[in-house]
Amino acid sequence: MAANDDRQHSLAAAGVQEQGAPGRLEVVRQFVNTRDIEDGIEELATPKAARAWLREHGLPDVPGLDAGQVGRLTALREALRGLLLANNDQAHDGRALERLRAEAARVPLHVEFDDERESALAPAGDGVDAVVGELIGIVHGAMADGSWPRLKACRSDTCEWAFYDRSRNRSGSWCSMAVCGNRAKARSYRHRHGAGTGAA
């Protein structure tokens, strides 16, 4: 089973071409999507699978990655999903923000300056701390440059797929109108139709 196919979720079956997030924020989007809620796919199921995923996406390698460390990564992933749901006007998950704060306080970070006179938070540790630090640095950069609010999780509670909202007014609610949007419309129609029939 190809990892790229897994990450396309049910959008691929509908022939929908996903648009990624800008720059390194795409790594965060794909990290959240390592768990496909709808299809029950977990790309970080084992230390071996998780380490391969990290290497494939340009994140620090973690020799000796163990199940406890994978658990730390998946907990961070679900915290990020909670924040992306909040970006989509869903109930704010205080626990998600607390997890992010706790990880930010735990990992060593430093400021890097490049030749373009720009700065970024970068991990100063190694192992899983380096991975977590890299992800937190990307999130911090997205919050600073204003792109963070456009990274959302689909409103469908059976989906919650991370997507980058490229609509002009940031009004996107679904990972795709062709998939979850149409499902929501169909459910709403059935509900109204059923209610109308019952009232007759």
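Biologist: In what order do the elements of the protein chain run from the N terminus on?

Modeller: This is a predicted model, in which local features need pLDDT of at least 70 and side-chain atom pairs count only at pLDDT 80 or more, while totals for chains, interfaces and linings use all residues. Residues are numbered from 1 along each chain as its sequence is written, and side-chain values use heavy atoms, with hydrogens and water left out. Helices (H or I, at least four residues) and strands (E, at least two) are DSSP runs, numbered from the N terminus. In the protein chain the order is α-α-β-β-α-α-α-β-β-α-β-β-α, which comes to seven helices and six strands.

Biologist: How many residues does H4 have, and what does its span reach?

Modeller: The expected span of a helix is 1.5 Å times one less than its number of residues. H4 has 21 residues and reaches 30 Å from its first C-alpha to its last, close to the 30 Å expected.

Biologist: At what angle do the axes of H4 and H6 cross?

Modeller: Axes are lines fitted to C-alpha atoms, for helices over the stretch in contact, and angles run from 0 to 180 degrees between N-to-C directions. The axes of H4 (residues 67-87) and H6 (residues 127-145) cross at roughly 10° and come within 10 Å. H4 is therefore roughly parallel to H6, a term for angles under 35 degrees.

Biologist: Which residues make the contact of H4 with H6?

Modeller: Contact means heavy atoms within 4.5 Å. H4 contributes Gln 69, Arg 72, Leu 73, Leu 76 and Leu 80, and H6 contributes Val 128, Asp 129, Val 131, Val 132, Leu 135 and Val 139. These residues divide into eight nonpolar, one polar and two charged. Here Ala, Val, Leu, Ile, Met, Phe, Trp, Tyr, Cys and Pro count as nonpolar, Asp, Glu, Lys and Arg as charged, and the others, Gly among them, as polar.

Biologist: Is Asn 88 buried or exposed?

Modeller: Buried means under 20% relative accessible area, exposed over 50%, and partly exposed in between (1.4 Å probe, protein chains only). Asn 88, in the loop between H4 and H5, is buried, with a relative accessible area of 1%. A polar atom of the Asn 88 side chain lies 2.8 Å from the backbone oxygen of Ser 173. Leaving aside neighbours within four places in sequence, the contacts of Asn 88 include Lys 152, Cys 154 and Phe 163.

Biologist: What phi does Asp 89 have?

Modeller: Most residues other than glycine have a negative phi. Asp 89, however, has a positive phi of about 65° although it is not a glycine. Asp 89 lies in the loop between H4 and H5 (94-106) and counts as exposed, at 63% relative accessibility.

Biologist: Where is Arg 170 found?

Modeller: Arg 170 is found in the loop between strand E6 (162-164) and helix H7 (177-199). Arg 170 has a positive phi near 55° and is partly exposed, with a relative accessible area of 38%.

Technical notes: Parallel < 35°, antiparallel > 145°, perpendicular 65-115°, else oblique. Polar contact = N/O pair within 3.5 Å; in protein donor to acceptor, adjacent residues only side chain to side chain.
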